[in-house]
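Here are my notes on this one, point by point. Have the model open while you read.

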Amino acid sequence: MIGQAAEFDYSGVQACKVLREEGYEIVLVNSNPATIMTDPELADATYIEPLLPGPVAQVIARERPDALLPTLGGQTALNLAKALHDDGTLERHGVELIGANYDAIACAEDRELFGAAMARAGLAMPESAIARTLEQAIEALPRLGLPCIVRPAFTLGGRGGGIARDEPELRALVARGLEVSPIGQVLLDQSVLGWGEFELEVMRDGADNVVIVCSIENVDPMGVHTGDSVTVAPQQTLTDRLYQRLRDQAIAVIRAVGVETGGSNVQFAVNPETEEILVIEMNPRVSRSSALASKATGFPIAKIAARLAVGYRLEEIDNDITGVTPACFEPTIDYVVVKWPRFAFEKFPGTAATLSTHMKSVGEAMAIGRTFGQAFAKALRSRELDKPPCLGDVSDQALLDGLEIPGPERFEAILELLRRGVAVEAIRARTAIDPWFLSELRTIAEDPEAPFQGERSFRSVDTCAAEFPARTPYYYSGWERPRAGGAASHEVARGERPSVVILGAGPNRIGQGIEFDYCCVHAAMTVRESGRDAVMVNCNPETVSTDYDTSDRLYFEPLTLQDVLAVVRVEQPEGVIVQFGGQTPLKLAAGLAAAGAPLLGTSVEAIDLAEDRGRFGALLAELGYKAPPYATAGSVKDALEHAESVGYPLLVRPSYVLGGRAMEIVYSRDGLADYLSRELPPDPSDPDGSPSSSLEKAVRGADGQGSPEGSPSSQNTGLQAPRSTPAIFLDRFLEDATEVDVDALCDGAEVWIGGIMQHVEEAGVHSGDSACVLPPHSLGEEMLGQIRDATRELALAIGVVGLLNVQYAVHAGELYVIEANPRASRTVPFVSKAVGVPLAKLACRIMLGERIADLDLPAGREGLGYGDHVSVKEAVLPFDRFEGSDAVLGPEMRSTGEVMGIARDFPTAFAKAQAAAGVPLPSGGTAFITVTDSDKAGAFAVAQTLHDSGFRIVATRGTAEAIARMGVPVQRLNKIGEGSPHVLDWIERGDVDLVVNTPTGSGARTDGWEIRRAAVAHGIPCVTTLAAGVSAARAIARAQANGEPEVLCLQELHR
Amino acid sequence: MTVPSAYVLLDDGTRFDGVACGADGHAVGEVVFTTGMSGYQESMTDPSFAGQLIAFTYPHIGNYGVSSEAMESDRPWARAAIMREACDREDSPGAEGGWLRWLTDCGVPAISGVDTRALVKHIRDLGAMRGGLFPGATSEAEARGLIESEPPMAGQDLAAEVTPTTVSRHGEADTGPKIAVLDTGIKGSMVRELLARGARVALHPCTTTAAELLAEDPDAVFLSNGPGDPAALDYVVQTVRELVGRKPVWGICLGHQLLCRAVGLETFKLPFGHRGANHPVKDLQTGRIEITSQNHGFAALGPNGARTIGADEPVRWQTDFGEAQLSHVNLYDRTVEGLELLDVPGGTVQYHPEAGPGPHDSLYLFDRFLRRIAEAA
Ligand SMILES: Nc1ncnc2c1ncn2[C@@H]1O[C@H](COP(=O)(O)OP(=O)(O)O)[C@@H](O)[C@H]1O
Ligand SMILES: Nc1ncnc2c1ncn2[C@@H]1O[C@H](COP(=O)(O)OP(=O)(O)O)[C@@H](O)[C@H]1O
Ligand SMILES: [Mg+2]
Ligand SMILES: [Mg+2]
């Protein structure tokens, strides 16, 4: 989820590894199946259960652990540990809290206690006031002034906080803040907008030795959440004197808060003019920034924090990078690291694309270069934007004004302005960005090639600026003046063993998240087991794949063709794997092959066959499989014509998308025309109307990136977009279809079906956003057979070697093929854990030459799993962070994560998944139902079940009548238009415990939109499809019958 | 790629090209590297760098300009700055001037655009060596000649270059302990830390005799940091020898080495020295670890000639003045970082508790030092 992503898998995995080395038995609880840490091999007992006090207390009672280590699981883990302490669970079972003690957690997380502790330590903080009511907030205004910062206590990534520029804004923010804060408390801070923002990563051991691992400077001054800021390590603009003062204060903070062992992140605001320093906050745990700091310096914070937690002192731990020095030191680096956030505002229409004190980015890319310019430009191209902004026609004034309130494209605007020769001062005046950064940016703006003068060579991340030789092969590339006579001074210790290069997934984004990193890590493990060197290329600092322990050699590089080819040239690998990193490496396949890189697994030709709409359509026809009628249109005119032949309703989308970007269902010619006007702007330079086939795509990428030898061309900074003609796909939309996802293995001759997942929501809700169940709960044996056969035939016909994902829709009893992805899919980790078969590893073995026959896979029940459990995957949606966006599911993917619920039956598994996703189903109370006419008939079933479970049913007129007609008691409720008290009043008053609302087609700001928004804002479970409504009702009924569901241990399930 | 206009040439003929960015002309001396990521101006003005050309491992140097507060002495002593990416910025909030402008005004040649990492690895593997920074116009042959004519660091008395010609006195009159400094190139930060603790400080030329110093009747004698080879400073060592036992004697860096030699211990040249702000040092009395500021090319030998100390024990030396006990050890290479004289008042540290640049972890040593003076008095 936003504010807490892969970085905690990285830290958790490191902790598991070292604690096991130390001989501890590990019990792991996490609800996210797409994590390496939940692999059964990593712990002795693994529970994929909701991270809530109830289930975790059960686990504790069952496993009787000696200690609980909560400092590596982010805010969720800390809050959970606090709850388990407060409700006496820990004491009852004699469990010791290690890593950070209760008081330290409380002190750092409770702004009131924290403020007091800072005051005692003589450290300054912004003027502030604590408010538990709106009145208290207003009273504080005269003292704090406006703007002021509102921050709810105990929320993650600043959720629910913001900058109040006037009183109405203040009232709104405080009201929301009081709600989202688990302790109903908000803190008001006097604003220091525009001051410099700095973070220090601090480590302390039991003997009170303290070191600073890394300093991080936010290029964006105070006011933009560090998670959304472009940041640079080490700090660039502070004098040594000022930096040492920060260092002293950071040490004072960790001591004052009382974190006895482990890592903490301390944030400061610094006024560059007056050199005033204010403490902003400290996180008494491993954080997003510490993952960044670890990757930036080579100092494995989480690993060392885990060792410290079990009693080691820093001097007793080796720095495994040098092998000769202790971990008790401060890394010094001779390169520059830049982190860029990745945003997804385009997916949440209706929400303002502005950056503030609460985090909105969905992922990040990090780049390392010998200079800031190199690192910044590499980071720019590491982001892999779908749609690089084109600001060419925007006036200077408009661009400057746009900078007043920071947005996701602020740096593109700054670069554009600098390119046009606008003065640094003018930009500084609006952004308060330090002039050093701006003058560095000017160099890039004037000549994107400037940073890449000279010769590219791979250097080591060695924690010590070359003072000692590095043992650990962790590399980045930099450009240097060629040495007279000498060859490029690569530091790569290649060795003699054959190597396999695994291309990672790049920055997390909606549609391509941690699942793909999971697959890459499994590939690395498999390559190593095969006796070859695993070589990882990736640029996402949050991930396990970029842990230098994961592979034999790690290249921290962008995933563009010429960056990857540079690695291939030094590695001379036996093979390159593009199947596991999602669409990112797949797009490079053709270019790599063209450049002579040996691809493993499915061939470029086969990839193209599956990805090219036309060729794939022809293949389906040839094999006699049904597919929704479709057409491709290059122009508005085309589209409107073809639409008639395809037939409404239509599912429309641009050709280039992943995760259903800009995908919509249109029911009429007008709807289509409206969509086209938005997605097919007349501008011929529409950057992303690229051809659909991965082949053409990669080729475009290739020449976009100049000759492999050449230095990167400006396309790669994402500043200029490649030009090509747009294309739009039109598909007949299959209504009320059941969607099915299949993951399968194929060695070219034989196929093995890994998992068949039935979606809970009907087709039309993106596969990434819909809940799904394995084994399918309502597809007959006959249909399952059809699905297996189709998958087999497709895999063989396409020529898959490795993994294949096929999406089907079952419509009126008929099987339709929606798409086939010739690569590891989002669902591979879920399937692997549900079925107990490591699909990614097996696929990798196949790519390395083994046959399915060699893998001794279980026979029978193919795709249904083994054992008597049911697994449900549910999506985690970020609507609560994007105010004003409609909380309804559709063909465009919006989820930022997923959770898994495992139980003996479907309803219980579904309930677990809901709870894990953060919206536990109510056990009783009032259910509000309002559905579209087409759903009215079905609504009664939901109402009936809920009524039998003792719910009071309320509904709007139409729905109420439909339900009453079937004899279920229901109370009518006013629509918003029908006057108070209406639906919203009920929700706001907290009189509703469950909302079932299916959208009435498109149309912004409908009643439905208002209702869903209110439900999300008040954290009330809101089901937006009838199918999910039925499942929810059944789950509630089951929970009432069986009480709190039992927790299940993965290792026992798959024994 | 910008055309090279200057180059670094090492004793062994290795050459690194770059762009001239400081004063005109050339500089020769010992080429060393420092791994500190900030504090470039402090380093340049630290007299301990006299006779040396500094290669900065951190690529961006000059980011926040220069200011009078960052002066460790009244002028730069390092002979040249070797950098990857130098910049000249007056517009930094705290800056009183631009870095490169300042170097130029001070007559210090500098070079940017150098592959400093390659240079540093070369020095790390082969040891610090003589070398020079030369304008592109200078032929390598000529450059070689200039390097040859530069005496090697071992055996050089550079203290004579940096020591003051006359005594200077600091701190309010007639209060606080009187500390006589044998000034072999003291850093401003040391004086500041002493004054901050109420001491009165007199800086004496390092040629001052013991008799002259004793005539001042100081409460303690302080041996400062400084450049060059302690083995070349026998005249200072002799002076110190006459002071030990008569007055409490404390030393930092070169001062540490001088005291060691004065009590009969040996010093040796480290392969490429310690220069930076991140070396862990363990205080054997408290068991605490300090992250230290370091700048030295020579070190004291441990008991019976050992270059490194195996265990974290306060091992002892037999000296001409009774026993000495190891007080601090470097956790990177386990060399001697400090010792205490047990039978006469005195002690030293090899590293830089005064920081400037670097962490403040070790400032407590100045308190310890003044406490001991009080006890001795
Ligand atoms: N007093 C303030 N004035 C201006 N900006 C602030 C202030 N306090 C916090 N911020 C901004 O809000 C962001 C989030 O605040 P922080 O305390 O770090 O919360 P979180 O726990 O979400 O990290 C910070 O990164 C900073 O940019
Ligand atoms: N013809 C169709 N009828 C109904 N739903 C469809 C149809 N095509 C796609 N969808 C829905 O849209 C979602 C996204 O479409 P898909 O082709 O899988 O795009 P992506 O490549 O983003 O996964 C699917 O998961 C499915 O729910
Ligand atoms: Mg923060
Ligand atoms: Mg799909």
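**Notes on the model**

1. Let's begin with an alanine out on the surface: Ala812(A) counts as exposed, at 70% relative accessibility (exposed means over 50% relative accessible area, buried under 20%, and partly exposed in between, with a 1.4 Å probe and protein chains only). Its phi is near 50°, a positive value in a residue other than glycine. You'll find Ala812(A) in the loop between strand 29 and strand 30 of chain A (helices, H or I of at least four residues, and strands, E of at least two, are DSSP runs numbered from the N terminus).

2. Some ground rules before going on. This is a predicted model, where local features need pLDDT of at least 70 and side-chain atom pairs count only at pLDDT 80 or more, while totals for chains, interfaces and linings use all residues. Residues are numbered from 1 along each chain as its sequence is written, chains are lettered from A and ligands numbered from 1 in the order in which they are written, and side-chain values use heavy atoms, with hydrogens and water left out.

3. The magnesium ion (ligand 4) is coordinated by Gln807(A), through OE1 and NE2, and by Glu819(A), through OE, at 2.3 to 2.4 Å (donors are N, O and S atoms within 2.8 Å of the metal, or 3.2 Å for Na, K and Ca; water is not among the atoms, so sites may look incomplete). Gln807(A) sits in strand 29 (residues 801–811) and Glu819(A) in strand 30 (residues 814–821), twelve residues apart. Gln807(A) counts as buried because its relative accessibility is 8%, whereas Glu819(A), at 26%, counts as partly exposed.

4. Now the other magnesium site. Gln267(A) (OE1) and Glu281(A) (OE) coordinate the magnesium ion (ligand 3) at 2.1 to 2.2 Å. Gln267(A) belongs to strand 12 (residues 262–270) of chain A and Glu281(A) to strand 13 (residues 277–283), so the pair ties together parts that are 14 residues apart in sequence. Gln267(A) is buried, with a relative accessible area of 7%.

5. How many cavities of 30 Å³ or more does a search of the whole structure find? The count is 14. On a 1 Å grid over the protein atoms alone, a cavity is a set of points where a 1.4 Å probe fits but cannot get out, and lining residues have an atom within 4 Å of a point. The second largest cavity holds about 290 Å³ of space (grid points are joined across faces, edges and corners, and a volume is the space filled by probe spheres set on the points).

6. That second largest cavity draws on both chains. Its lining has 22 residues, and Tyr243(A), Glu330(A), Pro331(A), Thr332(A) and Met37(B) lie nearest the centre. Strand 10 (210–218) and helix 9 (240–257) of chain A, along with strand 15 (267–283) of chain B, each supply at least two lining residues. By class, the lining has ten nonpolar, nine polar and three charged residues (Ala, Val, Leu, Ile, Met, Phe, Trp, Tyr, Cys and Pro count as nonpolar, Asp, Glu, Lys and Arg as charged, and the others, Gly among them, as polar).

7. On to the packing. The largest nonpolar core has 134 residues, and Met203(A), Ile368(A), Ile502(A), Ile577(A), Phe580(A), Leu745(A) and Val240(B) touch the most other members. Another core, of 77 residues, lies apart from it and includes Ala367(A), Phe411(A), Ile444(A) and Tyr58(B). Here a nonpolar core is a set of buried Ala, Val, Leu, Ile, Met, Phe, Trp, Tyr and Cys residues joined through side-chain atoms within 4.5 Å.

8. Helix 9 (residues 254–262) of chain B is mostly covered, with nine of its nine residues buried. Among them are His256(B), Gln257(B) and Arg261(B). Just after this helix, Gly264(B) takes a positive phi of about 100°.

9. Last, some backbone spots to check. The peptide bond from Ala233(A) to Pro234(A) is cis, with omega near -5°, and Pro234(A) lies in the loop between strand 11 (231–233) and helix 9 of chain A. The bond from Tyr648(A) to Pro649(A) is cis too, with omega near -10°. In chain B, Ala355(B) has a positive phi of about 60° although it is not a glycine; at 1% relative accessibility, Ala355(B) counts as buried.

Methods
1 Å grid on protein atoms, 1.4 Å probe; cavity = no way out; pocket = protein on both sides within 12 Å on 5 of 7 lines; lining within 4 Å.
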